[in-house]
Each structure stands twice: as structure tokens, then as C-alpha cells.
Amino acid sequence: MIITEIEQQTLDIDWFLTDGKYIGFMASGGGKLPDSVAKSAENHKKMVSYFRNLPEISDFVINPELDALLINRSGTGADERYLTDYVSMTKKGLYSFDKSNFNNFLDGQYHLVASPVKPMTVGDLPNEILEIFMETQCLDNMRNIIDINTIE
């Protein structure tokens with residue numbers, strides 16, 4: 001089964017990407033998923049289950065530009081409720097990103113929410129997850145990304 005365009009447009013779907021070394025956690029905010037993610041709901045569920053069940057291994061740093069980004073977008077900054085899920089995933093060693101323009105299906109712009117102090121690497125992943133995971137890559141070094149366009 002695929003993740004349909006209707007599901008993509010109406011749900012905030014967790015998905016993951018890599019720069020070949022580090023791992024990014026993405027919250028879709030009603031946006032179009034990469035084909036490599038949308039093509040298999042089964043693989044997507046495996047990935048979400050794997051990453052959600054990891055132990056916490058790292059402290060985190062909130063993007064210093066986050067409040068300005070959010071105030072510009074929605075009029076309010078990052079409160080504890082907004083940060084909870086991103087911080088949780090970042091404590092697992094993942095770089096956490098949020099969709100910049102909610103419910104704009106074709107806009108692939110995401111911004112960094114939080115970075116791990118001790119990032120997990122793809123070498124830490126079991127082969128079953130790594131095989132699925134390596135299909136969704138970005139060209140930039142995760143450590144340097146403040147914002148990313150996943151459509152490009």
C-alpha cells in the first residue's frame with residue numbers, strides 16, 4: 001500500500017531522511033512526501049516504529065532562529081507544546097525539522113527545530129531499517145542545514 005495524496009494532504013506524517021551519515025526527522029504538516037517514503041506505507045510504519053522506540057542518547061540545542069521563523073509564520077513563537085515531539089526525537093540523536101508552510105501540499109520547505117549534541121549516524125542502524133532509509137537522502141550535510149527544500 002502507498003501513502004495516498006489525500007492522506008499526505010490531511011495528516012502530519014513523520015518521515016526520515018539522511019545526508020548519508022546523519023538522520024533527519026521530518027514532520028510533514030500536510031505536505032507532499034518524497035516518493036521514496038510514500039511508495040510503501042508498510043516501510044513507513046517500520047521506520048516510525050523503529051525511531052519512536054529508540055532510547056534517548058543526546059542533549060539537544062534549539063535552533064536559535066526558531067522563534068523568529070515561527071512568529072513570522074504564525075504570530076507565535078515556540079512554546080513547550082510545539083517543541084515536545086521535536087525535542088523527544090532530537091534526544092534520540094536525530095535532527096528535527098518542521099514544515100515551514102503548513103497545508104501547502106506542493107511546498108517542500110522545512111526548517112530546523114532542534115539539533116542533537118550527540119547525533120546518531122546511519123552506522124548505528126540495523127540493516128533492515130538502513131535498506132529502507134537509504135532511499136531518502138538529501139545532498140546537504142545535516143549539521144549545516146537550517147532550512148531545506150525537499151522538493152528540489
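**Exercise 1.** In which helix do Glu42 and Lys46 both lie, and how many residues apart are they?

*Solution.* Keep in mind that you're looking at a predicted model.
- Step 1: Find helix α3, which covers residues 41-52; Glu42 and Lys46 both sit in it.
- Step 2: The two are 4 residues apart, about one turn of the helix.
- Step 3: Now look at the side chains: those of Glu42 and Lys46 meet in a salt bridge, at 4.0 Å from N to O.
- Step 4: Check the surroundings. Glu42 has 57% relative accessibility and counts as exposed, while Lys46 has 31% and counts as partly exposed.

**Exercise 2.** Work out which parts of the chain the salt bridge of Glu5 and Lys32 ties together.

*Solution.*
- Step 1: Start with the contact itself. The side chains of Glu5 and Lys32 form a salt bridge at 3.9 Å, N to O.
- Step 2: Place each partner. Glu5 belongs to helix α1 (residues 5-10), and Lys32 to the loop between β2 (23-27) and α2 (35-38), so this pair links parts that are 27 residues apart in sequence.
- Step 3: Look at accessibility. Glu5 is partly exposed at 44%, and Lys32 is partly exposed too, at 24%.

**Exercise 3.** Decide for Asp107 and for Lys99: buried or partly exposed?

*Solution.*
- Step 1: Recall the cut-off: buried means under 20% relative accessible area.
- Step 2: Asp107 comes out at 21% relative accessibility, so Asp107 counts as partly exposed.
- Step 3: Lys99 comes out at 0%, so Lys99 counts as buried.
- Step 4: The side chains of these two, Asp107 and Lys99, meet in a salt bridge (4.0 Å, N to O).
- Step 5: Salt bridges can also share partners, and such bridges join Glu5, Lys32 and Asp35 into one network. The structure holds 8 salt bridges.

**Exercise 4.** Describe how β2 is covered and which strands pair with it.

*Solution.*
- Step 1: Count the buried residues in β2: 5 of its 5 are buried.
- Step 2: Take the faces one by one. Ile23, Phe25 and Ala27 are buried on one side, and Gly24 and Met26 are buried on the other.
- Step 3: Turn to strand β1 (residues 14-18). β1 pairs with β2 in the antiparallel sense over 5 bridges, and Phe16 has Phe25 as its bridge partner in β2.
- Step 4: Peek at the hairpin of β1 and β2. There are 4 residues between the strands, and Gly20 takes a positive phi near 100°.
- Step 5: Finish with strand β4 (residues 95-99). β2 and β4 pair in the parallel sense over 4 bridges, with Met26 opposite Phe97 in β4.

Terms used: Residues numbered from 1 in each chain as written. Predicted model: local features only at pLDDT ≥ 70, side-chain atom pairs only at ≥ 80, totals over all residues. Heavy atoms only, no water. Buried < 20%, exposed > 50% of the residue type's maximum accessible area, 1.4 Å probe, protein only. Pairing = 2+ DSSP bridges.
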